[in-house]
Amino acid sequence: MQFLSKANAKVARAASLKNHWEGPTDGPRLQKKKKIIFIAADLSDPGTAAVFASVREASASGGWETLPIDCRGRCNQGSAIVAQALDMKADGIIMAGVDVSTQAKGMAAAAKAKIPVVGWHASTKSGPTDGLFTNIATNPKEVAQVAALYTVVDSNNKAGIVVFTDSSNPYLHAKSAAIVETIKQCEGCKLLSVEDVPLIDAHIKMKGVVENLVKRHGSKWTHAIGAIDFYFDLLEVPATAALIASNKLVGVAAGDGSPTAYKRIRANSLQTATVPEPLSMHAWQLVDELNRAFSGAEPSGFVSSSVHLVTAQNISYDGGQKNTFEPGNDFRNHYLRYWSK
């Protein structure tokens, strides 16, 4: 019971309003006319696409040009992608969802050319790392714990859980490892399996994975935790949804707060919670960090200290009415205030 009590307390904190600004209150004036190359792991991912759009929004007052390179899930298979950005005469580079450890040659070339590179989930670590001016990432362990603990609370310590992840992605792998670690502390829960379903071909493999899970576990499978919302997009495809209809699964995602996840939670259909990323706020921070690099300043050091849980009970707050997580902390005006000083 002590574990359940702690789980309830942490879930309640995560579900609270996020209306307090924790970020920087001072920084350099926004420089003008910069070309930014946005290297995306996969722009078909709603989270990455939202960050790209918000980088353009944030940098508009400086007249920045932001151009994409879309790896379509294959960035980590070669190191030429940063060289391509340099050939495009980038003033700065954003690596979004691309594992920086796979880009050593490109990062060395960027350093030699004195072109700053800022990461968004380019590493599991936040702050300056692996040649990045800084890396912006929600703590994967914190996100995972909240998703897992919500599942424990929702099931009253009685969940039969399958975890979906992609071990080729370091950030998702870190989340699923923390989910497993947390679930093992729940005495009444049963971790049925961890399914490694790479995102790049998940749409092809998911139906077969689910068929096998239903055959192996039957009605013992009551809850699914995805390392990302996308797995529930695949679980609600009609052919796959039919396989799990009798299970009446409860789904929880450890990120990243896609519009489809919000719609499922609002409709109370399959997915009941997500731990979303503050995508727009992260994008504005990406612009701020690049501007600090251009200005010869140090990174801001800003890492949001608390994660957010979205359920049907709080979905109307903190941007939920727009099917996204936008903390009610007025982050845009905080940045604009010193960018225009």
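In this predicted model, Ile37 stands opposite Ile93, a residue of strand 3. The two strands concerned, strand 1 (residues 35-40) and strand 3 (residues 92-96), pair in the parallel sense, and five bridges hold the pairing. Helix 2 packs on the sheet to which they belong and touches strand 1, strand 2, strand 3 and strand 4 (117-120), while its direction makes about 165° with that of strand 2.

The sheet itself is open and consists of five strands in the order 2-1-3-4-5, with parallel pairing. Its edges are formed by strand 2 (65-70) and strand 5, each of which pairs on one side only. From one strand to the next, the twist averages 20°.

A further open sheet is made of five strands in the order 7-6-8-9-10, and here the pairing is parallel. Strand 7 (190-196) and strand 10 (271-274) are its edge strands, each pairing on one side only. If direction is ignored, neighbouring strands of this sheet are turned against each other by 20° on average. Within the sheet, strand 6 (residues 160-165) runs parallel to strand 7 and is joined to strand 7 by six bridges; in this pairing, Thr165 has Asp196 of strand 7 as its bridge partner. Helix 5 packs on this sheet, where it touches strand 6, strand 8 (223-226), strand 9 (250-253) and strand 10, and its direction makes about 165° with that of strand 8. Helix 6, for its part, lies across strand 6, strand 7 and strand 8, and runs at about 165° to strand 6.

The helices lead on to the pockets. How much space lies in the largest pocket? The volume is about 720 Å³, and of the 29 residues that line this pocket, Ala41, Asp42, Asp166, Asn169 and Leu199 are the closest to its centre. Helix 2 (46-59) and helix 6 (170-183) each supply at least two residues of the lining of the largest pocket, and the largest share, three residues, comes from helix 6. By class, the lining of the largest pocket divides into 11 nonpolar, 10 polar and eight charged residues.

The second largest pocket has a volume of about 360 Å³. It is lined by 29 residues, of which Glu22, Met281, Ser304, Ser305 and Ser306 are the closest to its centre. Strand 5 (134-136), helix 5 (140-155) and helix 11 (279-294) each give at least two residues to the lining of this second largest pocket, and helix 11 gives the most, with three residues.

Rolling a probe the size of a water molecule over the atoms shows where empty space is left. A search of the whole structure finds two cavities of 30 Å³ or more. The largest cavity holds about 70 Å³ of space, and its lining is made up of Asn76, Gly97, Val98, Asp99, His121, Ala122, Ser123, Thr124, Asn169, Pro170 and Tyr171; by class these are four nonpolar, six polar and one charged. Asn169, one of the residues lining this cavity, is also among the residues closest to the centre of the largest pocket. In the second largest cavity lies about 40 Å³ of space, lined by Asp45, Pro46, Ile228, Asp229, Phe230, Asp233, Asp256 and Ser258, of which three are nonpolar, one is polar and four are charged.

The last topic is the covalent links. A disulfide is a covalent bond between the sulfur atoms of two cysteines. Two disulfides are found in a search of the whole structure. One of them is formed by Cys71 and Cys75, whose sulfur atoms lie 1.6 Å apart. The torsion about the S-S bond of Cys71 and Cys75 is about 75°, and the disulfide is therefore right-handed.

Methods:
Residues are numbered from 1 along each chain as its sequence is written. This is a predicted model: local features need pLDDT of at least 70, side-chain atom pairs count only at pLDDT 80 or more; totals for chains, interfaces and linings use all residues. Side-chain values use heavy atoms; hydrogens and water are left out. On a 1 Å grid over the protein atoms alone, a cavity is a set of points where a 1.4 Å probe fits but cannot get out, and a pocket is an open set with protein on both sides within 12 Å along at least five of seven lines; lining residues have an atom within 4 Å of a point. Grid points are joined across faces, edges and corners, and a volume is the space filled by probe spheres set on the points. Helices (H or I, at least four residues) and strands (E, at least two) are DSSP runs, numbered from the N terminus. Ala, Val, Leu, Ile, Met, Phe, Trp, Tyr, Cys and Pro count as nonpolar, Asp, Glu, Lys and Arg as charged, and the others, Gly among them, as polar. Two strands pair if DSSP finds at least two bridges between them. Axes are lines fitted to C-alpha atoms, for helices over the stretch in contact, and angles run from 0 to 180 degrees between N-to-C directions. Contact means heavy atoms within 4.5 Å. A disulfide is a pair of cysteine sulfur atoms within 2.5 Å.
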